[in-house]
Amino acid sequence: MEATEGGNNNEKEKKEENAMEDRVGDGGRRAATRRSGEFFPELCSPAPVRLTVWCKSLLFNSHGYTVYDDADGRMVFRVDNYAHNWRQQAVLMDCAGHVLLTVRRCRKILNLKESWEAYKGDKDVEDMVREQSPLFKATKDLGSHSCTISMFTQDGFQPLLGYRMSWSREKECSKIYQSAANTLVAEVSRKYGSMAKLLDKDVLTLRVQPGMDQALAMAMIMITNSMG
């Protein structure tokens, strides 16, 4: 009887140790994913991806975006916003209408800086601010043609990895770089149709490099276009 109880205790301790290792492992994987800038691993392609961004919502009288994959024509993202303050807050959804990111504009700091924060999921922003840290924060100096994107870990600390986004209104293009290596990870420009003819200004091409989170790139475009 005592041997049986001892064996059961050992098995129980082993299960607890395995469960602890799994939790630690999951936390490490989540932290590594956050550090790499991959919020949605399923949206990080091993090959370059080209998306068509239509700066219009499919819903009548709504501000937003509709994004398609050029390879197969399927819808990837959508943004529908009826609110009058659509430049202040917007949600990025997948094709099924599930909210991936909530992007909100922060108050200006002494009228010298503008900033935006992105949170995962669809919740009341005020509750988000109290309950969780943002996934990333974009900051732009007044009058600047670029902004810096700081990524945050689960506990709210800022790791080394970040991004820089620059744009040119004259060339009508934007580029996103990984700051540490100054590597181009995504770029957006006016889309060309047949016979190399430029389409309307509200039709863009988003090119995303391998490993870059497409939702993150799209959120950055939303931030750029919300600037006054």
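Asn 182 lies in the loop between S10 and S11. The phi angle of Asn 182 is near 55 degrees, a positive value in a residue that is not glycine. At 46% relative accessibility, Asn 182 counts as partly exposed; buried means under 20% relative accessible area, exposed over 50%, and partly exposed in between, with a 1.4 Å probe and protein chains only.

The model is predicted, so local features need pLDDT of at least 70 and side-chain atom pairs count only at pLDDT 80 or more, while totals for chains, interfaces and linings use all residues. Residues are numbered from 1 along each chain as its sequence is written, and side-chain values use heavy atoms, with hydrogens and water left out.

The strands come next. S2 (63-69) and S3 (residues 75-81) run antiparallel and are joined by six bridges; two strands pair if DSSP finds at least two bridges between them. These two strands form a hairpin with five residues between them, and Gly 73 in the turn has a positive phi of about 80 degrees. Thr 66 lies in S2 and stands opposite Arg 78 in S3. Thr 66 is buried, with a relative accessible area of 1%. A polar atom of the Thr 66 side chain lies 2.9 Å from the backbone oxygen of Lys 56.

S3 is mostly covered, with six of its seven residues buried. S3 is also joined to S4 (residues 89-94) by two bridges, and this pair runs antiparallel. Phe 77 has Asp 94 in S4 as its bridge partner. In a regular strand the side chains alternate between the two faces of the sheet.

The bridge partner of Val 103 is Ala 118 in S6. S6 (residues 113-120) is mostly covered, as six of its eight residues are buried. Six bridges also join S6 to S7 (residues 136-141), again antiparallel. In that pairing, Glu 114 stands opposite Lys 140 in S7.

Helix H3 covers residues 214-225. Its 12 residues should span 16 Å at 1.5 Å a residue, and its end C-alpha atoms are 17 Å apart, which agrees; the expected span is 1.5 Å times one less than the number of residues. Because 11 of the 12 residues of H3 are buried, the helix is largely enclosed by the rest of the structure. Among the buried residues are Gln 214, Leu 216, Met 220 and Thr 224. At the start of H3, a side-chain oxygen of Asp 213 reaches to within 2.9 Å of the backbone nitrogen of Ala 215.

H3 also contributes to the largest pocket. This pocket holds about 530 Å³ of space. Of the 23 residues that line the largest pocket, the closest to its centre are Cys 55, Lys 201, Asp 202, Leu 204 and Asn 225. S2, S9 (162-168), S10 (173-178), S11 (183-190) and H3 each supply at least two residues of the lining. The lining divides into eight nonpolar, eight polar and seven charged residues. Here Ala, Val, Leu, Ile, Met, Phe, Trp, Tyr, Cys and Pro count as nonpolar, Asp, Glu, Lys and Arg as charged, and the others, Gly among them, as polar.

A pocket is an open set of points on a 1 Å grid over the protein atoms alone, where a 1.4 Å probe fits, with protein on both sides within 12 Å along at least five of seven lines; lining residues have an atom within 4 Å of a point.

Technical notes. Grid points are joined across faces, edges and corners, and a volume is the space filled by probe spheres set on the points. Helices (H or I, at least four residues) and strands (E, at least two) are DSSP runs, numbered from the N terminus. A polar contact is a pair of N or O atoms within 3.5 Å; within protein, one must be able to donate a hydrogen and the other to accept it, and residues adjacent in sequence count only if both atoms are side-chain atoms.
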